[in-house]
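Dear colleague,

Please find below the structure that I am handing over to you. My notes on what was found in it follow directly after.

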Amino acid sequence: MLKNHELKSDTPVIYFDNAATSFPKPRSVIDGVVDYITNVGGNPGRSGHRLAVEAGQIVFNARQMVADLAGVANPMHVIFCANATEAINLAILGSYKPGDHVITSSMEHNSTIRPLKHLEIEQKISLSIARCSTQGLLDPEKIKLLIKPETRMVVLNHASNVTGTVQPLRDIGFFCRQRSITFIVDAAQSFGIIPLNMKADGIDLLAFSGHKGLYGPTGTGGLVLADDFYAARLRPLKFGGTGSASDKTEQPAFLPDRFESGTQNVAGLSGLSAGIAHVIAQPDGIEGIYRHKKELTACFLRRATNEIEGFTGCVPSAMIETGVVSFNLEGLDPSHVVQQLDERWSIMSRAGLHCAPLAHATIGTFPRGAIRFSFGIFNTSNEVDTAIEALKTIRGEAP
Amino acid sequence: MAKESIVLFHSHNYAIWADSALKKESVDHKMMPIPRQLSSDCGYCIRIKSDDAELVEKILHVKNIEYDRIEAAL
Ligand SMILES: Cc1ncc(COP(=O)(O)O)c(C=O)c1O
């Protein structure tokens, strides 16, 4: 018999799925989107009128803010894409050469694994996947052991969307630089959450999401090229109108136009600038947000471990840097728990493999997956308390 | 009226960047559609006072803002 619990639509939503996309968005982000659509509306670079210029300024503003956050001097090295996935695809498919050997890790999201696997299946590249510890950490020595003369690319995520642990980028970046290996970093889970600097960390290409830690709207993200990365080393994945060099039928060679064919997501980017401004304006900026998430994580894991029978966190609290907590309740199906949390307590969380089958295999939760809570700037310790009580109830009702 | 010049860029993205840089340096300038006789592009260029041309060149150079050329306005 199907038994549906009454949907608690009157209960305020507790949103613990910020690693998928952050919610709610700051009011200023909504205003940014609305302002462009209502008052500006022009197409950047496609016409010479005032509203087109204003649209161009909105896009430039976002570009400059992302460049500052990534630690690159040239804002034209920021290429806007629809999301981190598109940026990772551009980085990988746009820069490999037939016969290349590529190294990645066992903690990657499918947005990295799938384009690489695609190239491997098509026999364009050979691929090595460095095995991480059961806590999701990569020992840089593992990369060194896998290096071959034809290794041309290392692709690695900065923070895992499953464990919330952070990889030692700088060591690996330094190592890649010494050997002229292109170092591609997936910062979808870390940009605006953990400070990074492309120059100091030795990153050549950095993919980011605008809609997660930067609090921008969905449909925003991009790829940042290091200041010393030549645009010619990367092939565009799409070609078309750029509003520049319009007398020519060839794609322009200069940045960002080489990679930004078609009308940009100006509404989204208007919101993204506001999102970045909001993050920076928090007390103590990114550091402050980091501490807030650390506190929520520690509080949740301490209480859950002490008070909920059969609770297993995937990673110790101290190692979680991004407010992403994956766990299981012994004997309970993660999707059942997540559904109960949604229907009875209006708690939004995510069950399953989180688009990262290899990561779950690495930490020993494949194929079952886990329940994931991912905290954001608007979450409170009261919400964590509610979740603890909810999990206790679900636990208590289990046979 | 003082003589004016026009700064042309390879792309509107650089024109906007230059606009933001010149604003920061309080250099009098104006964004405008590119005159057809100067280029076939549909984007914009920047009009400046000819007397400021050297200063503008210097600012663009220091900030690494690529531009195509500076021409006397017709
Ligand atoms: C580690 C990681 N990489 C890439 C992505 C893809 O990001 P986007 O949804 O912006 O394409 C995600 C988001 O789910 C992620 O967690």
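In which strand of chain A is Asn157(A) found? Asn157(A) belongs to strand 5 of chain A, which covers residues 151-157. Please bear in mind throughout that this is a predicted model.

**Asn157(A) and its surroundings**

Asn157(A) has a relative accessibility of 2% and therefore counts as buried, the cut-off for that term being under 20%. Apart from neighbours within four places in sequence, the residues in contact with Asn157(A) are Met107(A), Glu108(A), His109(A), Gln167(A) and Asp186(A). With one of them there is a polar approach: a polar atom of the Asn157(A) side chain lies 3.0 Å from the backbone oxygen of Met107(A).

The burial of Asn157(A) may be read alongside that of its strand. Six of the seven residues of strand 5 of chain A are buried, so this strand is largely enclosed by the rest of the structure.

Strand 5 of chain A pairs with strand 3 (residues 101-105) of chain A in the parallel sense, over three bridges. Within this pairing, Thr151(A) in strand 5 is the bridge partner of His101(A). Strand 5 of chain A also runs parallel to strand 6 (residues 182-186) of chain A, and five bridges join the two. Here Asn157(A) stands opposite Asp186(A) of strand 6. Between strand 5 and strand 6 of chain A, the chain passes through helix 6 (residues 169-178), and this β-α-β crossover is right-handed.

Arg179(A) sits in the loop between helix 6 and strand 6 of chain A. Is Arg179(A) buried or partly exposed? Its relative accessibility is 38%, so Arg179(A) counts as partly exposed. The side chains of Arg179(A) and Gln178(A) are joined by a polar contact of 3.4 Å. Arg179(A) and Arg152(A) are 27 residues apart in sequence, while their C-alpha atoms are 8.8 Å apart in space.

**The ligand**

Asp186(A), which stands opposite Asn157(A), is also among the residues that surround the ligand.

- Ser209(A), with an N or O atom of its side chain 2.6 Å from a ligand oxygen;
- Gln189(A), with a polar side-chain atom 2.7 Å from a ligand oxygen;
- Lys212(A), with an N or O atom of its side chain 2.8 Å from a ligand oxygen.

**Helix 1 of chain B**

Turning to chain B, helix 1 (residues 12-24) has 13 residues. From its first C-alpha to its last, helix 1 of chain B reaches 18 Å, close to the 18 Å expected at 1.5 Å a residue. At its start, a side-chain oxygen of Ser11(B) comes to within 2.9 Å of the backbone nitrogen of Asn13(B). The helix is followed by Ser26(B), which has a positive phi, near 55°.

Eleven of the 13 residues of helix 1 of chain B are buried, so this helix is largely enclosed by the rest of the structure. Among the buried residues are Tyr14(B), Ile16(B), Trp17(B) and Leu22(B). What covers the buried residues includes elements of both chains: helix 2 (50-70) of chain A, and strand 2 (29-33), strand 3 (44-49) and helix 2 (53-62) of chain B.

With kind regards

Terms used. Residues are numbered from 1 along each chain as its sequence is written. Chains are lettered from A and ligands numbered from 1 in the order in which they are written. This is a predicted model: local features need pLDDT of at least 70, side-chain atom pairs count only at pLDDT 80 or more; totals for chains, interfaces and linings use all residues. Side-chain values use heavy atoms; hydrogens and water are left out. Helices (H or I, at least four residues) and strands (E, at least two) are DSSP runs, numbered from the N terminus. Buried means under 20% relative accessible area, exposed over 50%, partly exposed in between (1.4 Å probe, protein chains only). A polar contact is a pair of N or O atoms within 3.5 Å; within protein, one must be able to donate a hydrogen and the other to accept it, and residues adjacent in sequence count only if both atoms are side-chain atoms. Contact means heavy atoms within 4.5 Å. The expected span of a helix is 1.5 Å times one less than its number of residues. Two strands pair if DSSP finds at least two bridges between them. A crossover is right-handed if, with the strands pointing away from the viewer, the path from the first strand over the helix to the second runs clockwise. A residue is near a molecule or strand if one of its heavy atoms lies within 4 Å of it.
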